[in-house]
Amino acid sequence: MGDFVQVEIGDGVGTIRLTRPPMNALNTGVQEELRAAATTVSADPDVRAVIVYGGEKVFAAGADIKEMADMSYVDMAQRAAELSSALGAIARIPKPVVAAITGYALGGGCELALACDWRVVAEDAKLGQPEIKLGIIPGAGGTQRLARLIGPARAKDLIMSGRMVDAAEALRIGLADRVVPAESVYAEALALVRPFLNGPAQALRAAKLAVDGGLEMDLASGLAWESQLFAALFATDDRREGMSAFVEKRKPGFTGR
């Protein structure tokens with residue numbers, strides 16, 4: 001797609017691959033290409049699930065500090081919302097999304113991983129939000145998504161100390177969902193999303209919207225949101241097929257409609 005982010009589509013999977021060696025630093029160009037990649041895989045009906053991958057050596061070691069070093073408050077005030085929304089575009093992909101993490105996922109790289117639904121992590125990987133060591137805080141979702149994922153106390157520990165966690169600790173605190181040898185990370189990510197490839201795409205979309213949207217609401221509003229999404233699925237072909245298959249004791253043949 002661009003100089004730094006490629007989209008590869010095959011067998012129902014869209015792979016968003018970062019290609020900015022050596023560390024896949026998230027400069028402005030990478031951010032905008034991630035936004036474009038998210039739009040592409042969201043709109044393509046042949047893509048039923050998405051893997052975000054940095055390659056065999058590193059996921060993404062953070063933002064491009066050299067690019068930010070001379071920015072003023074005014075400069076960053078204009079750019080910060082765009083940075084956040086670029087990774088937000090990944091979070092809003094209406095399909096199952098898994099981050100396949102090798103090497104480092106630090107700073108903006110960790111925030112990119114947090115924007116995915118799941119994280120498959122290499123045994124020797126390191127994750128963290130080290131921005132505090134630069135005199136700043138995470139600015140692309142780290143303070144918000146991390147706290148929602150692992151709880152506020154653990155999030156404050158990582159953000160305020162800037163320390164890195166290894167794969168074992170990431171798994172223990174809920175930052176990682178699966179830990180595998182580095183050479184198996186992409187294959188394991190593929191195995192994680194494979195069950196969704198022939199699933200009911202509209203129901204999967206609704207499930208993601210219900211969970212993610214409900215986290216932003218009080219319980220009563222979340223329950224109303226869930227009810228609305230639930231009822232809407234009764235207009236889909238897949239709902240009819242799924243219920244017919246259940247009654248007829250056969251495997252459903254979902255079409256994504």
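This report walks through the backbone, sheet, helices and core of a predicted model.

Local features are reported at pLDDT of at least 70 and side-chain atom pairs only at pLDDT 80 or more, while totals for chains, interfaces and linings use all residues. Residues are numbered from 1 along each chain as its sequence is written, and side-chain values use heavy atoms, with hydrogens and water left out.

**Sheet.** Helices (H or I, at least four residues) and strands (E, at least two) are DSSP runs, numbered from the N terminus. Six strands, in the order 1-2-3-4-6-9, form an open sheet with mixed pairing; two strands pair if DSSP finds at least two bridges between them. Strand 1 and strand 9 (178-180) are the edges, each pairing on one side only. On average, neighbouring strands are turned by 20° against each other, direction ignored. Inside the sheet, strand 4 (residues 97-101) runs parallel to strand 6 (residues 118-122) over 4 bridges, and Ala-99 has Arg-119 of strand 6 as its bridge partner.

| Residue | Phi | Relative accessibility |
|---|---|---|
| Asp-11 | near 55° | 77%, exposed |
| Asn-24 | about 55° | 3%, buried |

Asp-11 belongs to the loop between strand 1 (5-10) and strand 2, whereas Asn-24 is in the loop between strand 2 and helix 1. Pro-22 also lies in the loop between strand 2 (13-18) and helix 1 (28-43), and the peptide bond from Pro-21 to Pro-22 is cis, with omega near 10°.

**Core.** A nonpolar core is a set of buried Ala, Val, Leu, Ile, Met, Phe, Trp, Tyr and Cys residues joined through side-chain atoms within 4.5 Å. The largest has 60 residues, and Leu-34 is among those touching the most other members. Beyond its neighbours within four places in sequence, Leu-34 has contacts (heavy atoms within 4.5 Å) including Ile-16, Leu-87 and Ile-90.

Note on methods:
Buried means under 20% relative accessible area, exposed over 50%, partly exposed in between (1.4 Å probe, protein chains only). Axes are lines fitted to C-alpha atoms, for helices over the stretch in contact, and angles run from 0 to 180 degrees between N-to-C directions.
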